[in-house]
Amino acid sequence: MKPKHFGLITSSLLFLTFIVLSLMFQSTIYLYIASVCPLLIVPFLPDILSSQFIKPNQAKGSVRLITMENMDKTDSDFLVILFEPGYVRWKRGKLFFNMDDVMKDVYIKPDPLAATMTVLKYDLFLRRNKKNWIGISLTQLEQRTEHLSYTTNEINRLVLRISDVNELLQKPVNQPASAGQSIGA
């Protein structure tokens with residue numbers, strides 16, 4: 001069991017225990033202790049407002065993940081996240097998508113009014129507890145739009161290199177230094 005889940009369950013049980021004790025013994029002291037217990041619960045609550053998840057099958061066509069190949073086939077392929085303006089909530093900070101939801105070889109109609117933002121390698125990170133889920137730092141993308149001629153409200157495409165995503169997926173999560181290797185070598 002994860003420490004955060006254990007802390008949430010423990011602090012909730014502690015709260016319920018003091019509520020029951022205050023009712024059983026009709027004691028105000030147990031009731032006062034129980035009134036402080038929610039302060040112990042708050043640090044263990046999940047932060048559901050800091051992330052947004054792209055689920056194309058539930059989005060009813062408002063978002064699609066598409067791979068695109070270059071015509072000359074020299075560079076790596078690209079992944080395009082197409083979405084309707086307003087779909088991405090930029091204040092959330094993180095945007096997650098699943099690599100299993102990517103559609104291949106789909107034609108994208110050129111749009112002269114499309115505002116595209118490039119997602120760089122250092123904008124990407126893995127979601128630790130889910131396989132094939134990749135995160136994008138929206139705060140870093142939002143900071144880069146300060147120097148552009150359009151705002152985040154106008155962006156309707158995110159483009160990233162699949163090679164960056166594959167490199168991230170290949171990277172081990174925690175790689176401890178082996179005993180035989182020296183740090184300086």
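The largest nonpolar core of this predicted model has 28 residues. Those with the most contacts inside this core are Ile-81, Phe-97, Ile-136, Leu-158 and Leu-160. A search of the whole structure also finds three salt bridges.

**Nonpolar cores**
- Leaving aside neighbours within four places in sequence, Leu-160 is in contact with Phe-78, Leu-79, Ile-81, Phe-97, Val-119, Leu-124, Ile-136 and Val-165.
- Another core, of five residues, lies apart from the largest one and includes Val-80, Leu-82, Ile-108 and Val-159.

**Helix α2**
- The 14 residues of α2 (residues 28-41) should span 20 Å at 1.5 Å a residue, and the 21 Å between the end C-alpha atoms agrees with this.
- Ala-34, Cys-37 and Ile-41 are the buried residues of α2, and they pack against α1 (3-25).
- At the start of α2, the backbone nitrogen of Ile-29 has a side-chain oxygen of Ser-27 within 3.3 Å.

**Salt bridges**
- Lys-91 and Glu-142 form a salt bridge (3.3 Å, N to O), linking the loop between β3 and β4 to helix α3 across 51 residues.
- Lys-91 is exposed because its relative accessibility is 75%, whereas Glu-142, at 21%, is partly exposed.
- Lys-121 pairs with Glu-167 (2.8 Å, N to O); Lys-121 lies in the loop between β5 and β6 (124-126) and Glu-167 in helix α4, so parts 46 residues apart in sequence are tied together.
- Both partners are partly exposed, Lys-121 at 43% and Glu-167 at 38%.
- In the salt bridge between Asp-123 and Arg-144, the closest N and O atoms are 2.8 Å apart.
- Asp-123 counts as buried, at 0% relative accessibility.

Technical notes: Residues numbered from 1 in each chain as written. Predicted model: local features only at pLDDT ≥ 70, side-chain atom pairs only at ≥ 80, totals over all residues. Heavy atoms only, no water. Core = buried A, V, L, I, M, F, W, Y, C linked by side-chain atoms within 4.5 Å. Buried < 20%, exposed > 50% of the residue type's maximum accessible area, 1.4 Å probe, protein only. Contact = heavy atoms within 4.5 Å. Helix = DSSP H or I, 4+ residues; strand = E, 2+ residues; numbered from the N terminus. Expected span 1.5 Å × (residues − 1). Polar contact = N/O pair within 3.5 Å; in protein donor to acceptor, adjacent residues only side chain to side chain. Salt bridge = Lys/Arg side-chain N within 4 Å of Asp/Glu carboxyl O.
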